[in-house]
Amino acid sequence: MIVYMDTQKNNGRRDFLRTGALLGATVMASPLSTFSSNSSSSSKPAILGGRSIWSDKQWPQWPRWNPETDERRLLEVVRSGVWSRGRTTAEFEQKWAAMVGTDRSLAVVNGTNALATAINSFGIGPGDEVLVPPYTFIATVSAILFNGAMPVFVDVDPATFQIDPRKMAAKITSKTKAILPVHILGLPADMDAIMAIAKQHKLLVIEDACQAHLAEYGGRKVGSIGHAGCFSFQNSKNLPIGEGGAITSNDQLFMDRCSSYHSYGLPAGSFNPLDTGMLGSKLRFTEYQAAIGLVMLERLQEETDVRHSNATYLAAMISEIPGITPYQLYPKVDKGAFHLFPFRYDPSGFSGLSRDSFLTALRAEGVPCSGGYVPLNTQPFIQASFNSPLFQQLYPGKDVDFQSFTEKNQCPLNDKLCEEAVWLTQNMLLGPRTDMDEIAMAIGRIHHNAADIVKSLPTN
Ligand SMILES: *Cc1c(COP(=O)(O)O)cnc(C)c1O
């Protein structure tokens, strides 16, 4: 049964019914039927004064730290006095490259600078255009702007939450240098389609895998499919080190350039900038970051498998509820990393209860949740970049006119997605199956009582 759950994709109701039949109705009851037949006071939602499903429940802690098993390596490093980059960092890089499936990996200070370094080291800069989704964390776009390059937004496929490769061709010009797909929420973007477009137009592909550690597409880990992959090890991420990041690639010269750039522009491997000159930054990892990272690496695969399996189970359950549409995965996705668990919410399935009120009601049940991203393509930081001396002096006025930029970069499907999305965080997927049942029940209870909740609210 576990094998069945692990391999099934989220195909909605039909799969849920099959799964339900396999597992037996008592083990995996439909959240709808549970609550339609439940007339006890516990069925009253918490927002209407009912008992919250999880009043005294703790979600799995994040990050995880076990002093007995996890501190030995860290103490060794601290006591050695070798705190700057050294052999612990080299070991972490080797292990990370092996797990992702690339020849090389370079650890850097964070995911933002992993992206900025990769963009810089491919020689992408002023006058160049980079295709990017609007449904991502701000740092994806900042990394393009830092380098003086121009982000070009490609709308999303709301079913998968990912950049839509079918919308890319129309955005490619003679200035396009790269595609920066983001495996957002930890779910793989459609890499076969993206690589095919990149090949046809001779574009580089830099994967933003900052949320997608060990996610798999077509038998390969994300971050190993494009020309380079970028990861974040910030505290909330699935591989947490507080701060940290990495670049992965099989391109030796590119990795040497990244390595040089991340350490003052000093010579690195076969790349010797002393002949030509090279402007470098200083973005090096520390040994104690690497010591923590090595501990986290040991349980990452197992945690990833648990998240994928629980997410698949939860998605099948809640797809039963009218108005709830869980994420879809592309057919070639073997595994999602589920940094976040997403679904789309439609008020019309909930007697008109607005998304914000739904979030409030779900939180009242003890289930933390959020509405996720706002559209990035219209945010003021882009205008601020365009007004900076860098952009003002590098680009003709019409290219850095924010109004014409936002007109060219409209992404209507993403605008709608940002209004419909609901996220749960990755740590909530690390508990037992019964946690998933409880989440589904909380949503089912709100659904069942939606009309009463709407009536009770002064504004909705
Ligand atoms: C977290 C994140 C980043 C930036 O990583 P930091 O380590 O926080 O700098 C970039 N892109 C995405 C999609 C992220 O989620």
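Predicted model: local features only at pLDDT ≥ 70, side-chain atom pairs only at ≥ 80, totals over all residues.
1. The surroundings of the ligand. The shell around the ligand consists of 17 residues. Gly111, Thr112, Gln211, Ser232 and Lys237 are the closest of them. Sorted by class, the shell holds nine polar, six nonpolar and two charged residues.

2. Thr112 places a polar side-chain atom 2.5 Å from a ligand oxygen. Lys237 has a polar side-chain atom at 3.0 Å from a ligand oxygen. The ligand taken alone exposes 380 Å², and the protein buries 93% of that area.

3. The ligand takes up the space of the largest pocket. Two helices, helix 7 (111-121) and helix 8 (138-146), each contribute at least two residues to the shell. Helix 7 provides the largest share, with three residues.

4. Helix 10. This helix covers residues 252-261 and is mostly covered, with seven of its 10 residues buried. The buried residues are Phe254, Met255, Asp256, Cys258, Ser259, Ser260 and Tyr261. The student may wish to locate these positions in the structure above.

5. The start of helix 10. Which residue reaches the backbone nitrogen of Leu253 with a side-chain oxygen? The residue is Asp251, and its side-chain oxygen comes to within 3.3 Å of that nitrogen.

Note on methods
Residues numbered from 1 in each chain as written. Heavy atoms only, no water. Near = heavy atom within 4 Å. Polar contact = N/O pair within 3.5 Å; in protein donor to acceptor, adjacent residues only side chain to side chain. Areas by Shrake-Rupley, 256 points an atom, 1.4 Å probe, with all protein chains shown as cover. 1 Å grid on protein atoms, 1.4 Å probe; cavity = no way out; pocket = protein on both sides within 12 Å on 5 of 7 lines; lining within 4 Å. Sits in = over half its atoms within 2 Å of the grid points. Helix = DSSP H or I, 4+ residues; strand = E, 2+ residues; numbered from the N terminus. Nonpolar A, V, L, I, M, F, W, Y, C, P; charged D, E, K, R; others polar. Buried < 20%, exposed > 50% of the residue type's maximum accessible area, 1.4 Å probe, protein only.
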